[in-house]
Amino acid sequence: MAIEQMTMPQLGESVTEGTISKWLVSPGDKVNKYDPIAEVMTDKVNAEVPSSFTGTITELVGEEGQTLQVGEIICKIETEGANPAEQKKEQPEESSAAETPAAENRAEAASQPNKKRYSPAVLRLAGEHGIDLDQVTGTGAGGRITRKDIQRIIETGVVQERPEEPKTEAPAPATSPKPEPKKEEVSYPVSAVGDKEIPVTGVRKAIASNMKRSKTEIPHAWTMMEVDVTNMVAYRNSIKDSFKKTEGFNLTFFAFFVKAVAQALKEFPQMNSMWAGDKIIQKKDINISIAVATEDSLFVPVIKNADEKTIKGIAREITDLAKKVRDGKLSADDMQGGTFTVNNTGSFGSVQSMGIINYPQAAILQVESIVKRPVVMDHGMIAVRDMVNLCLSLDHRVLDGLVCGRFLGRVKQILESIDEKTSVY
């Protein structure tokens, strides 16, 4: 027998933590390798976590509703069939399985003397609310401080007191150190009679956390350019019915915009970059993230190697990814590898907006609603044209206004050149 540890998997690029929304197993249950054992939520995807081993669940370390960092232990599984050498290495002779957790606790205590056990997520939550973890008594396994312990303190304002210990302190120095100022607690509104309280789901919490990280870490800048897409609109409208009949899916305006962006990214590779602390990483592959919203969540699946695909190929992927989102079948792989985001804000009538950059990318383009407007043409003539605003948010650590202006100008040029001679195949 051997005790194996299951850890929180990384369910998407840039995902650093996940929330256990539901356990699908209990201690004592037998599982096979690849059997789903838990449902986990992140800011990018909801997914079932498969078991990495065949054996018996011995301990659920993570609790439902608890947020754990990628790599943290979520449960332990007793496996069969380990060879004697492995068993001897993992368990000393004549030691029982019950001693294993104690040994682990002793090892952790030795590496962190006089420190309590808690996850980085608990440390962050406690810091946000000015809670001293040295004053908190954990209710988790081995005295571990859990997220529920901190939430109870936030709700009640009462820290559970520890049993009083004998005082063995040395005499205080003549000059006592100045106490650190306590972090100011966030004040939230209180419901009034008749108000409706809507619980915040794990997905919404994850989205909020990711958006906050993006806005606090990335210095956002913003620019906009209007584009005359009259010829593109006329061309697409003239072939959409025959395209649907032949291909079996819709040819949307959005596919033309994604293709134009992918082409421009190839010509301006600086836009396809990411900030990495002491360096900027310019990505080789052009993978376009597209935002797909449901009633209560936002998903960002990825069109891989979009620059190598035709308008038809991109339209197919948009259709397939949107269906996966609606059916709840989006996988972690569908969400990984994005290098630049294009958001179809025009789908709900927006004409101007500033997008929050999809961390760790360096830019996001909002494609606004196509509207008919009177436009002054050459020689002073006024005509009604189909116009669209393209709104670009950029990470000013990575990108400057000059390259962004040239990039956006190239996207405009590509879109305005689309007409009946353009092939979608």
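Biologist: Is the crossing of α6 and α7 left-handed or right-handed?

Modeller: First, a caution: this is a predicted model, where local features need pLDDT of at least 70, side-chain atom pairs count only at pLDDT 80 or more, and totals for chains, interfaces and linings use all residues. Residues are numbered from 1 along each chain as its sequence is written, and side-chain values use heavy atoms, with hydrogens and water left out. A crossing is left-handed if the near helix is turned anticlockwise from the far one by less than a right angle, and right-handed if clockwise. For α6 and α7, the crossing is right-handed.

Biologist: At what angle do α6 and α7 pack?

Modeller: Helices here are DSSP runs (H or I, at least four residues), and strands are too (E, at least two), numbered from the N terminus. Axes are lines fitted to C-alpha atoms, for helices over the stretch in contact, and angles run from 0 to 180 degrees between N-to-C directions. The axes of α6 (residues 230–247) and α7 lie 10 Å apart, and the angle is about 130°.

Biologist: Which residues of α7 make the contact with α6?

Modeller: Contact means heavy atoms within 4.5 Å. From α6 come M232, V233, Y235, R236 and N237. Their partners on α7 are F253, F256 and F257.

Biologist: What is the angle between α7 and α10?

Modeller: Helix α10 spans residues 401–416, and its axis is 9 Å from that of α7. This crossing is right-handed. The angle is about 135°.

Biologist: Which residues of α8 are buried?

Modeller: Buried means under 20% relative accessible area, exposed over 50%, partly exposed in between (1.4 Å probe, protein chains only). Helix α8 covers residues 311–327. Its buried residues are I311, I314, A315, I318, L321, A322 and V325.

Biologist: Within what arc do the buried residues of α8 fall?

Modeller: An α-helix has 3.6 residues a turn, so residues three or four places apart point the same way. The arc is that of the directions from the helix axis to the C-beta atoms. The buried residues of α8 line one face, because seen down the axis they fall within 135°.

Biologist: What relative accessible area does L394 have?

Modeller: L394 sits in strand β19 (residues 382–395). Not counting residues up to four places away in sequence, it touches several residues, including P219, W222 and C404. L394 is buried, and its relative accessible area is 4%.

Note on methods. The expected span of a helix is 1.5 Å times one less than its number of residues.
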